[in-house]
Amino acid sequence: MLLQQIINGLTLGAVYALIALGYTMVYGILELINFAHGEIYMIGAYISIIVIGYLTAIGFTIDNPFISILIAMVVSMFFVSSYGFTMEKVAYKPLRNAPRLSPLISAIGVSIFLQNFVMLTQGATDKVFPGVFSIEGFNIFNARVTYLQVFIIAVSVLLMFCLHLFVTRTRIGKAMRATALDKRMASLVGINIDTVISITFIIGSALAAAAGVMVAMYYGLVNYFIGYVAGIKAFTAAVLGGIGSIPGAMLGGVILGLVESLCASYISSEYKDAFAFGLLIIILLLRPAGLLGRQVVEKA
Amino acid sequence: MKTILIAALWFGFIAIPFMGLKGLYLALAILIGWMLWMPIRRISESGIFNLSHRIQVIGGFLESKDRRVYITVMAVLLIAFPLVANNYWLDIVTLAGIYVILAIGLNVVVGLAGLLNLGFVAFYAVGAYTYAILSTYLNIPFWSALPAGMAISAISGVLLGFPALRLRGDYLAIVTLGFGEIVHLILNNWDSVTGGPNGIPNIAPPVIGSLRFDQPVHLYYLMLFFVMFTVVAVYRINNSRIGRAWVSIREDEIAAECMGINTFRMKLLAFAFGALWAGLAGVFFASKMRFVSPESFTFFESIIILCMVILGGLGSIPGSIAGAIILVLLPEVFRGIESYRMLAVGAVLILFMVFRPQGLFGGKGHPKKSSLDFLGTPLRR
């Protein structure tokens with residue numbers, strides 16, 4: 001029972017970590033809470049369902065289930081990155097010099113706009129993910145691990161590893177780190193800040209899209225409002241780990257997944273979302289810098 | 001022209017997964033919209049029909065001394081309104097009045113003190129449920145429950161504000177959002193007290209002497225009274241020492257503190273004062289609907305109220321009134337667009353932030369920082 005909950009929690013945590021990375025990267029560079037990030041994840045889930053639905057209709061999935069999931073993932077990551085890129089250009093870039101509340105409000109606007117756009121074009125009912133992946137699995141002690149859970153954890157770890165390599169080993173990654181430290185200095189040494197910000201949004205959105213695809217497969221159902229709660233939880237994970245810190249987001253995601261899964265099974269499943277919100281409030285009040293974040297002087 | 005063409009095609013392209021080839025119609029629509037918009041902008045820039053200026057003139061007039069005549073005429077029209085309106089329209093306008101109170105309350109918190117509160121609907125819910133519980137369990141009449149509901153709302157504002165107000169802008173917004181969600185979850189799950197998703201029915205209407213306020217006309221006049229009370233009270237406090245302290249905190253908190261303002265206490269006061277009006281609106285809402293359920297107090301209500309404040313102009317009372325009336329009445333006038341209402345709300349939030357951050361009537365607005373400011377460490381966090 002305990003082991004089972006830990007495995008479920010890890011699966012959930014891997015997904016939260018992927019979404020949290022997008023929050024933390026954007027915050028690290030722009031100091032903006034990208035409120036619409038949850039919607040980006042929801043759009044990823046929808047596009048994968050649309051693509052898989054199309055592939056099933058032409059009879060492709062039956063013979064090549066694995067390839068079709070890869071196709072869905074790539075298409076979804078591509079389109080969702082475009083959404084992230086566009087969102088930044090339309091709603092955040094014009095507001096870079098505005099007071100801090102303005103971009104936050106326009107982010108809320110983007111979030112509501114995207115949710116309703118999806119609802120109006122795709123309908124308000126639940127969408128079902130076609131059963132491509134078998135629900136088989138294996139047992140470890142008395143806990144059941146499905147292949148899907150293994151797949152989710154493996155893909156998440158792989159993506160996070162790639163991101164780590166990208167940020168630490170490439171020129172663009174170096175530029176991103178420099179921009180996060182000091183924008184003015186970075187621009188003085190010849191880094192194009194606009195490009196770095198666009199790339200940050202593109203990468204963050206692609207990771208959220210991957211998370212969306214995997215959650216759609218895991219739960220089998222998506223709806224146009226899944227992005228809101230998932231977004232808040234991923235934000236909690238990012239804050240828990242220390243917002244702005246990439247390893248922090250991964251750690252925070254896993255911890256949040258475990259806490260949620262254990263609380264839901266041992267305390268109360270009705271209030272399972274309240275735990276995430278409560279945890280968020282407590283962290284913000286007691287240790288706003290999170291577990292791995294650097295302590296910043298909070299003033300006005 | 002080239003940029004707009006590329007942009008239109010790009011929007012059409014990214015809409016393809018959701019709309020199929022209809023995405024291309026979207027591109028076409030954007031292009032046509034732009035072609036219609038450009039001449040209007042040219043004309044308005046040439047000054048013959050300067051829309052932006054006109055709206056500012058109206059806003060300035062509403063803030064000026066001459067407004068007395070206008071207010072008298074409006075008051076007469078509002079009092080005479082039930083003579084020409086049917087019950088349906090009285091009902092809608094009463095609802096709009098509730099939102100006017102809510103928007104004015106949120107305007108105190110967001111517009112004056114500059115504290116973004118995304119869980120404002122929680123205070124509305126506290127007011128509504130306080131009256132619902134007092135009325136159905138304890139048979140306490142409306143007029144005794146009203147101050148109780150307002151007080152409990154204000155106290156919950158203090159309880160949330162006390163820990164949360166130490167945080168800066170965007171973190172504060174997220175904490176208030178979490179508070180709103182927790183209140184909503186409690187309403188939904190604490191079945192023995194709140195009735196869970198079914199809510200609380202059979203709430204008593206307000207009574208004065210032998211007059212039961214259960215007809216739309218009665219509720220309409222009661223609403224007018226409450227709105228007037230709110231407007232006068234908030235207007236008076238805005239132009240007092242406290243109101244000026246709030247504005248100074250919004251503009252520059254450090255400077256405000258240097259001038260001897262106890263910023264924490266003032267922010268707490270703004271939170272409690274805003275919540276007070278939400279409590280009033282909540283109690284009145286419960287007595288009007290005679291039924292409350294968690295459905296009326298979702299996050300989207302908070303966002304719609306925020307949108308009213310921003311549409312009208314942060315910090316402007318006539319603006320909040322106009323914003324509330326526009327957002328409640330427009331979907332009623334254009335019945336077909338009701339499902340597009342939230343889509344439009346989202347677009348309004350973005351467009352107003354980008355093109356007109358001061359809203360329709362807010363003349364003063366936020367000062368723009370210099371164009372290179374974002375490169376350096378922001379002074380105002």
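At 34% relative accessibility, B:Met74 counts as partly exposed, a class that falls between buried (under 20% relative accessible area) and exposed (over 50%), using a 1.4 Å probe and protein chains only. This is a predicted model, so local features need pLDDT of at least 70 and side-chain atom pairs count only at pLDDT 80 or more, while totals for chains, interfaces and linings use all residues. Residues are numbered from 1 along each chain as its sequence is written, chains are lettered from A and ligands numbered from 1 in the order in which they are written, and side-chain values use heavy atoms, with hydrogens and water left out.

**Chain B at a glance**

- Chain B has 17 helices and two strands; these are DSSP runs numbered from the N terminus, with helices (H or I) of at least four residues and strands (E) of at least two.
- Of the 381 residues in chain B, 49% are buried.
- Chain B has an accessible surface of about 18300 Å², and carbon and sulfur atoms account for 69% of that; areas come from the Shrake-Rupley method with a 1.4 Å probe, and for residues only the protein chains shown count as cover.
- Take the chain B contacts (heavy atoms within 4.5 Å) between residues at least 6 apart in sequence: 75% of them join residues at least 24 apart.

**The patch around B:Met74**

- B:Met74 sits in helix H5 (residues 67–84) of chain B.
- A nonpolar surface patch takes in B:Val69, B:Tyr70, B:Ile71, B:Val73, B:Met74, B:Leu77 and B:Leu78, with about 620 Å² of accessible area together.
- To join a patch, a residue needs over 30% relative accessible area and no salt bridge; like charges are joined within 9 Å, and nonpolar side chains (Val, Leu, Ile, Met, Phe, Trp, Tyr) within 5 Å.

**Helix packing**

- Helices H8 (residues 142–164) and H14 (residues 263–289) of chain B cross at roughly 145 degrees, and their axes come within 7 Å. Axes here are lines fitted to C-alpha atoms, for helices over the stretch in contact, and angles run from 0 to 180 degrees between N-to-C directions.
- On the H8(B) side, the contact residues include B:Gly149, B:Gly157 and B:Gly161, and on the H14(B) side they include B:Ala272, B:Ala275 and B:Gly279.
- H8(B) and H14(B) make a right-handed crossing; a crossing is right-handed if the near helix is turned clockwise from the far one by less than a right angle, and left-handed if anticlockwise.
- Over in chain A, H9 (residues 226–241) packs on H11 (residues 272–286) at about 35 degrees, with the axes 10 Å apart, and this crossing is left-handed.
- Residues meeting there include A:Phe235 and A:Leu240 from H9(A), and A:Phe277 and A:Leu284 from H11(A).

**Two buried spots in chain B**

- B:Thr94 belongs to helix H6 (residues 87–112) of chain B, and it counts as buried because its relative accessibility is 1%.
- Beyond its neighbours within four places in sequence, B:Thr94 contacts B:Pro216, B:Leu219, B:Tyr220, B:Met223, B:Phe284 and B:Lys288.
- B:Ile203 lies in the loop between helix H10 (191–194) and strand E1 (207–208) of chain B, and is buried at a relative accessible area of 0%.
- Not counting residues up to four places away in sequence, B:Ile203 touches several residues, including B:Tyr131, B:Ala286 and B:Arg290.
- B:Ile203 and B:Phe142 are 61 residues apart in sequence, with their C-alpha atoms 9.7 Å apart.

**Positive phi in loops**

- Most residues other than glycine have a negative phi.
- B:Asn139 has a positive phi, near 60 degrees; it is in the loop between helix H7 (121–138) and H8 of chain B and is exposed at 66% relative accessibility.
- B:Arg290 also has a phi near 60 degrees; it is in the loop between H14 and helix H15 (299–312) of chain B and is partly exposed at 32%.

**Salt bridges**

- The whole structure has eight salt bridges over all chains, each with a side-chain nitrogen of Lys or Arg within 4 Å of a carboxyl oxygen of Asp or Glu.
- B:Glu253 and B:Lys267 pair at 3.2 Å, N to O, linking helix H13 (residues 253–258) to H14 of chain B across 14 residues; both partners are buried.
- One network of salt bridges with shared partners joins A:Glu88, A:Lys89, A:Lys93, A:Arg96 and A:Asp194.
- Within chain A, A:Asp194 and A:Lys93 have their closest N and O atoms 3.9 Å apart, and the two residues are 101 residues apart in the chain.
- A:Asp194 is partly exposed at 28%, as is A:Lys93 at 32%.
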